[in-house]
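Please open the model in your viewer and keep the sequence panel beside it.

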Amino acid sequence: MRSFLFLMPFAMAVFMANIAPAVAQGQSAATVIEARKEAMKAKGGAMRVLTPLARGDSPWNQDAALAALATLRRVGDGTAALFPRGTGPESGVATAALPAVWDQWSNFEAATRGFTDAARVVEEAAKAGDLERFKGGFGALARSCGTCHETFRARR
Ligand code: HEC
């Protein structure tokens with residue numbers, strides 16, 4: 001987790017440059033790949049909180065929703081920085097990230113933005129306590145995970 005936080009300042013610069021960053025000096029591909037798997041797991045954990053709320057399987061809990069959405073925002077904003085060049089399968093480190101991430105970098109960034117935009121809509125609805133809007137936005141948020149995985153993550 002510490003290495004993930006360390007990567008955060010790179011996120012904006014990368015976002016502006018429209019090309020994948022290189023692995024920062026002193027970082028190994030293994031460290032970066034580990035950090036991004038942790039980040040993705042954190043997203044999975046947040047979705048496990050949000051899904052029953054959206055389906056109405058658990059009673060509405062604004063604090064829990066906002067905490068999970070804060071995690072998604074934090075992780076989402078740092079996504080591009082977690083995929084520096086040299087951290088694909090060619091690194092020799094176990095990763096499900098496909099070469100398409102780097103071959104189609106602008107599409108990958110678009111998928112990242114699709115996710116962060118969807119998360120923002122859901123977060124605004126949760127802040128407003130608007131459960132209908134929350135449920136509506138949640139579907140798009142959940143789909144945005146799959147949209148990226150379909151193209152950029154290897155099937156197991
Ligand atoms: C912009 C693309 C993108 C988006 C959006 C995205 N993912 Fe991922 N995800 C990936 C890639 C690429 C990997 C493979 C990472 C690796 O193995 O290095 C991955 C891996 C994962 C993993 C496996 C982590 C591990 O332990 O190996 C989980 C769980 C996951 N994603 C959950 C989610 C969830 C839940 C969402 C939505 C809330 C999401 N992802 C959104 C691209 C994305």
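Which residue just after α3 takes a positive phi? Select Gly56, which follows directly on α3 and has a positive phi of about 80 degrees.

**Before going further**

Residues are numbered from 1 along each chain as its sequence is written. This is a predicted model, in which local features need pLDDT of at least 70 and side-chain atom pairs count only at pLDDT 80 or more, while totals for chains, interfaces and linings use all residues.

**The whole chain**

Helices (H or I, at least four residues) and strands (E, at least two) are DSSP runs, numbered from the N terminus. Now colour by pLDDT, the predictor's confidence in each residue, from 0 to 100. The chain averages 90 on this scale, and 87% of the residues score at least 70. Confidence is lowest in helix α2 (residues 10-17), with a mean of 49, and highest in α5, at 98. If you select residues 12-16, you are looking at a stretch where pLDDT stays under 50 and for which the model has four contacts beyond four places in sequence. Two residues are in contact here if their C-beta atoms, placed from the backbone, lie within 7 Å. Where pLDDT is low, the predicted coordinates should not be read in detail.

Of the contacts between residues at least 6 apart in sequence, 73% join residues at least 24 apart. Buried residues make up 30% of the 156 residues in the chain. A residue is buried if 20 or more other C-beta atoms lie within 10 Å of its own, exposed if 12 or fewer, and partly exposed in between, with C-beta atoms placed from the backbone.

**Helix α3**

Select residues 29-55, which form α3. This helix has 27 residues and reaches 38 Å from its first C-alpha to its last, close to the 39 Å expected at 1.5 Å a residue, where the expected span is 1.5 Å times one less than the number of residues. Among its buried residues are Val32, Ile33, Ala35 and Arg36.

Next, pick Leu50, which is also in helix α3 and counts as buried because it has 24 C-beta neighbours inside 10 Å. Leaving out residues up to four places away in sequence, Leu50 touches Ala65, Ala68 and Phe138.

**The nonpolar core**

Leu50 leads on to the largest nonpolar core, which has 32 residues, and in which Leu50, Leu69, Ala119 and Val122 touch the most other members. A nonpolar core is a set of buried Ala, Val, Leu, Ile, Met, Phe, Trp, Tyr and Cys residues joined through C-beta atoms within 7 Å. At least two residues of this core come from each of α3, α4 (62-77), α6 and α7. Select Leu69 and you will find Ala119, Val122, Glu123 and Ala126 in contact with it, leaving aside neighbours within four places in sequence.

**Helix α7**

Move to α7 (131-152), whose 22 residues should span 32 Å at 1.5 Å a residue, which agrees with the 32 Å between its end C-alpha atoms. Its buried residues are Phe134, Gly137, Phe138, Leu141, Ser144 and Phe152, and these pack against α3, α5 (100-103) and α6.

Is Phe152 buried or exposed? Phe152 is buried, because 21 other C-beta atoms lie within 10 Å. Beyond four places in sequence, its contacts include Ala97, Leu98 and Phe108. Thr147, which lies in the helix α7 too, counts as partly exposed because it has 16 C-beta neighbours inside 10 Å. Beyond four places in sequence, Thr147 is in contact with Ala111 and Gly114.

**Around the ligand**

Finally, select the ligand and the 23 residues around it, of which Met40, Ala96, Phe115, Cys145 and Cys148 come nearest. A residue is near a molecule if its C-beta atom, placed from the backbone, lies within 6 Å of it. The elements that give two or more residues to this shell are α3, α6 (105-128) and α7, and the largest share, eight residues, comes from α3.
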